[in-house]
Amino acid sequence: MATHSLFSANSLHTKPSSGTHIKVQEKWLGFTALDRKPTHLKLSNGCRARAALNADPRSIEIPRQWYNLIADLPVKPPPPLHPKTFEPVKPEDLSPLFPDELIKQEASNERFIDIPDEVRDVYRLWRPSPLIRAKRLEKLLDTPARIYYKYEGVSPAGSHKPNTAVPQAWYNAQQGIKKVVTETGAGQWGSALAFACSLFGLECEVWQVRASYDQKPYRRLMMQTWGAKVHPSPSNLTEAGRKILQMDPSSPGSLGIAISEAVEIAAMNADTKYCLGSVLNHVLHHQTVIGEECLKQMEAIGETPDFIIGCTGGGSNFAGLSFPFIREKLKGKMNPVIRAVEPAACPSLTKGVYTYDYGDTAGMTPLMKMHTLGHDFIPDPIHAGGLRYHGMAPLISHVYELGYMEAIAIPQTECFKGAIQFARSEGLIPAPEPTHAIAATIREALNCRETGEAKVILTAMCGHGHFDLPAYDNYLQGKLVDLSFEEEKIRASLARVPKVGG
Ligand SMILES: *Cc1c(COP(=O)(O)O)cnc(C)c1O
């Protein structure tokens, strides 16, 4: 993107010749940052219409490479271990589950990984995603802070997850795989993968956490619309599922159980592989398209973030936004505070322990060194905010240990209060997950009101909440309450974490 041309777009104030301060309207910078002026079409009814600004592929700057933060870390993260031998996992251990290229990316120390042209071509459907200045929220909060959010809800599935679903499906299709299986909670990941599979002629089967399967039909219907088969988990189709159902026939399920079921099916079928929507290194790498675009978008408007705030479940949207900025921080180019926000009901970074644990409930996945609440921890069902995974991405856990980022936990009523303020000022209705990032952003903006400092806050609005409105209903009716932190439950699940090494 030629920087000068950004400022010729209609929606932006032109750069003053003194060159000191650049003002930007609250436009979708992704779509205004074009390399030529918008054209105007004359329609047959005599009206003039603005041509679709992102129609010309030359005008769109989508990254050509994913970024791998591991290359720039002074200490490499500890390796995953085989669940039986406790030896470091070898690539061939993973080949029943993943295609070769993704196994290579998982263990890669290369700084950049080329994005295949076919994947970039699909990204073009919604990328670059907009970076938006939240001017009306700033006004509502009466803060001198400048708040920006990178909005990933413009993807077909409505979240950041297609950024990794598309390459995962593509690499599997390239290797001649017929079917992929996965788990999903509320259905964000399952719908992203179902969408991606529909593009490349792959079959897709999804184990959806029972509670969501029953209570949240719309993302299940999206998956089915895109051609995926959806099973409630625990199911009778797997050993792992049958075991849980024997103990509790009305089990509401959990992400950890659903992962065990999908992994079991992939491990047993040669033409079937498994896909994971977060946590793993290759997923985090794929999501860096968010941060790479954002770096350029901020540079183009002459802004540098003082705070980068994102919500963390498994950590992929947070890593996607923040890792390219951590690279710049390590180079000494900027020094933002980088803050992960997790739910008080599932606080893996702030209350978990940093140790080797399984990725799933049945203990079938490799052991990963991560901040974990214990692999059989299940957050209370009254927690509405998503982000329910028991562990944090090993790479984020490692970066946290190195001290390059910080973490806080926020209770859900504060999150939804912030989401309502956001919806009523900015218009967009956030998914329950990014309400955590919004609440933390509001805290920081109010802090700026106290101190009078005009800090620049950048946050990830990683999905819209159009299919999560029952949670808003509960909040609006005053039925949403904060959980007291379940210390006892966490202590019990931590006691079942495997003992590895000394
Ligand atoms: C899945 C999801 C999350 C949590 O996953 P991360 O890997 O932590 O990003 C957060 N927000 C949305 C909208 C999601 O769909």
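Author: A residue is called buried if 20 or more other C-beta atoms lie within 10 Å of its own, exposed if 12 or fewer do, and partly exposed in between, with the C-beta atoms placed from the backbone. By that count, 54% of the 502 residues of the chain are buried. The model is predicted, with local features requiring pLDDT of at least 70 and side-chain atom pairs pLDDT 80 or more, while totals for chains, interfaces and linings use all residues. Residues are numbered from 1 along each chain as its sequence is written.

Reader: What makes strand 12 mostly covered?

Author: Of the 7 residues of strand 12 (residues 337–343), 6 are buried, and the strand is therefore described as mostly covered under the C-beta count. Strands here are DSSP runs of E with at least two residues, and helices are runs of H or I with at least four, numbered from the N terminus. The chain as a whole comes to 20 helices and 16 strands.

Reader: What makes strand 5 and strand 15 the edge strands of their sheet?

Author: Their sheet is open, has 6 strands in the order 5-6-16-11-12-15, and shows mixed pairing. Strand 5 (131–133) and strand 15 each pair on one side only, and are the edge strands. Within this sheet, strand 6 (residues 146–151) and strand 16 (residues 456–461) pair in the parallel sense over 6 bridges, and Lys150 stands opposite Ala460. Helix 14 packs on the sheet, touching strand 6, strand 11, strand 12 and strand 16, and its direction makes about 160 degrees with that of strand 11. Helix 18 (residues 434–451) lies across strand 6, strand 11, strand 12, strand 15 and strand 16, at about 170 degrees to strand 16. Such angles run from 0 to 180 degrees between N-to-C directions of axes fitted to C-alpha atoms, for helices over the stretch in contact, where contact means C-beta atoms, placed from the backbone, within 7 Å.

Reader: Why is one side of strand 9 and of strand 10 left without a neighbour in the sheet?

Author: The sheet is an open one of 4 strands in the order 9-8-7-10, with parallel pairing. Strand 9 (229–233) and strand 10 (272–274) stand at its edges with a single partner strand each, so one side of each has no neighbour. Strand 8 (residues 203–209) pairs with strand 9 in the parallel sense over 5 bridges, and Trp207 stands opposite His231.

Reader: What makes helix 14 stand out in the shell around the ligand?

Author: Helix 14 gives the most to that shell, with 3 residues.

Conventions
Pairing = 2+ DSSP bridges. Contact = placed C-beta atoms within 7 Å.
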